[in-house]
Amino acid sequence: MTDEPSFEQARDELEQIVRKLEDGNTTLDEAIGLWERGEQLHALCRAQLDQAEARVAELLRRMDDAADKP
Amino acid sequence: MSAKPVPISYGDRRVFSVSGFNQGIAWYLKRLPAIWVEGEIAELRRNDRWGFVFITLKDTDGRSTLSATMTRQRFDALEPSPQVGERVHALGRGEIWERRGELRLAVIKLERFGIGMLLQQIEVLRARLAAEGLFAAERKRPLPFLPRTIGLVCGSDAAAKRDVIETAEERYPPARFRVLEVPVQGAGAPARIAGALRLLDADPGVDVIVLARGGGSVEDLLAFSDELVCRAVAACSTPVVSAIGHEQDSPLVDQVADVRAGTPSLAAKLIVPDYAAETARLDTLLARAGRALEGNTARSRRLLELLASRPAFRSPETWISIRRERLCTAAEGLRRAAPDRIQRETLRLRHDHERLRLLGPAATLERGYAIVQDSAGAVLRDAAATAPSKEIAVRLGRGGVRATVTEVHE
């Protein structure tokens, strides 16, 4: 896996972690590690979504400008 | 029968019986050589059941006749079969029919001469040219609809010439002729006719050639059955119409020509269209075309009006606006797609995160508890698990700290 996983990869991993923690079969040490990794993945996804949202907003703004012009 | 008869003696008189006399004549006749006799066939009796054919020959003046016989086998071998009225040369021996004492000529060989011979020669030539394919239908070329110049080969000052030209001009006044007058009978005629044909064929303005000759006896028309003339016609690249004699005459050139016209005036009808008739036909066609066109136009107009009355044509902006609406819907869909997806993912992520937080120690840490881990990340539950100067990590409600152990209480 590359350093920067794709949004979908990160999200899928996050959901796996949540399911593992819900099962309750993990040791505390493992749980802490998983939780930490989960928080990390969440931050990653969040950042990517924010980025995507900003790009879409920019594109829509440009399209509207073009439509208003003629 | 062929033995020399013996007479009966009555004193010093020697007498022959009838049969003896006949036998004697027969005996003498047999010693004569075969002789050629010229005559006309006056009578001919042939029957499939008979071994002989009985012929009566006569002189042309009709005063003397001679009975003749010929074996049916020999007679049937003659091609074409001799007919009454034909003049022949018969080679035969005098023979007596002993029972009746009648003299007759036993014919060995029978040949036509005069016209008969000529006709026979023509038949031989006809067969030869036919075998060469000169009469073949696929060699025949069509006549032009309207010839620029009509080549005409005919006798000098001939009625045939007048017939062709007058009939042609009556039908088609602007008809143009190039006339070559040549001798049409006699020894030199075939070469002159052939020469005239070649000359007209070489003229690029001549689109059709007519070979015309009025009626005449078989001998008069001989030139038109001459091989020279037949071959000249066959060699022409210009279509040739033959118009020789009367309808019933059939010289060889008729079969070589591209079209055979029975008579000179029939030829004229074949080579030029009837101007008046053609004009009338054209007028009729034009009128019909005009009516058809009118009908067509009216039908087309109705169809067009029907089409024009459809909404799409009456207000062309409607079909543009329909498309514009569709485009807008698509564009809106496109615009919504990305934000929608982002929103969906955000919700899902938030949901995942909430579950993560519920499961995690965050709430406990919020209340002031902390998690301590050694440098390997293992959670410390017992002070004995660490020692002074060791690195530890402390996780708090918000953030964490790294610290060094200074003292350990057991």
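How many bridges pair strand S14 (residues 391-395) of chain B with S15(B), and in which sense? The two strands pair in the antiparallel sense, over 5 bridges. Strands here are DSSP runs of E with at least two residues, helices are runs of H or I with at least four, and both are numbered from the N terminus; two strands pair if DSSP finds at least two bridges between them. One of the bridges takes B:Arg395 to its partner B:Gly400 in S15(B).

Before going further, a word on the model: it is predicted, so local features need pLDDT of at least 70 and side-chain atom pairs count only at pLDDT 80 or more, while totals for chains, interfaces and linings use all residues. Residues are numbered from 1 along each chain as its sequence is written, with chains lettered from A and ligands numbered from 1 in the order in which they are written.

Back in chain B, the order S13-S14-S15 makes up an open sheet of 3 strands with antiparallel pairing. Strand S13 (371-374) and strand S15 (400-404) sit at the edges with a single partner strand each, so one side of each has no neighbour in the sheet. On average, neighbouring strands of this sheet are turned by 25° against each other, direction ignored.

The axes of helix H1 (residues 7-23) and helix H2 (residues 28-68) of chain A come within 9 Å and cross at roughly 150°. Axes are lines fitted to C-alpha atoms, for helices over the stretch in contact, and angles run from 0 to 180 degrees between N-to-C directions. H1(A) and H2(A) are therefore roughly antiparallel to each other (an angle over 145 degrees). Among the residues that meet are A:Phe7, A:Leu14 and A:Leu21 in H1(A), and A:Leu34, A:Trp35 and A:Cys45 in H2(A); contact calls for C-beta atoms, placed from the backbone, within 7 Å. This contact divides into 12 nonpolar, 3 polar and 4 charged residues. Ala, Val, Leu, Ile, Met, Phe, Trp, Tyr, Cys and Pro count as nonpolar, Asp, Glu, Lys and Arg as charged, and the others, Gly among them, as polar.

Then there is the interface. It takes 20 residues from chain A and 17 residues from chain B. On the chain A side, H2(A) gives the most, with 14 residues. By class, that side has 11 nonpolar, 3 polar and 6 charged residues.

Technical notes. Parallel < 35°, antiparallel > 145°, perpendicular 65-115°, else oblique. Contact = placed C-beta atoms within 7 Å.
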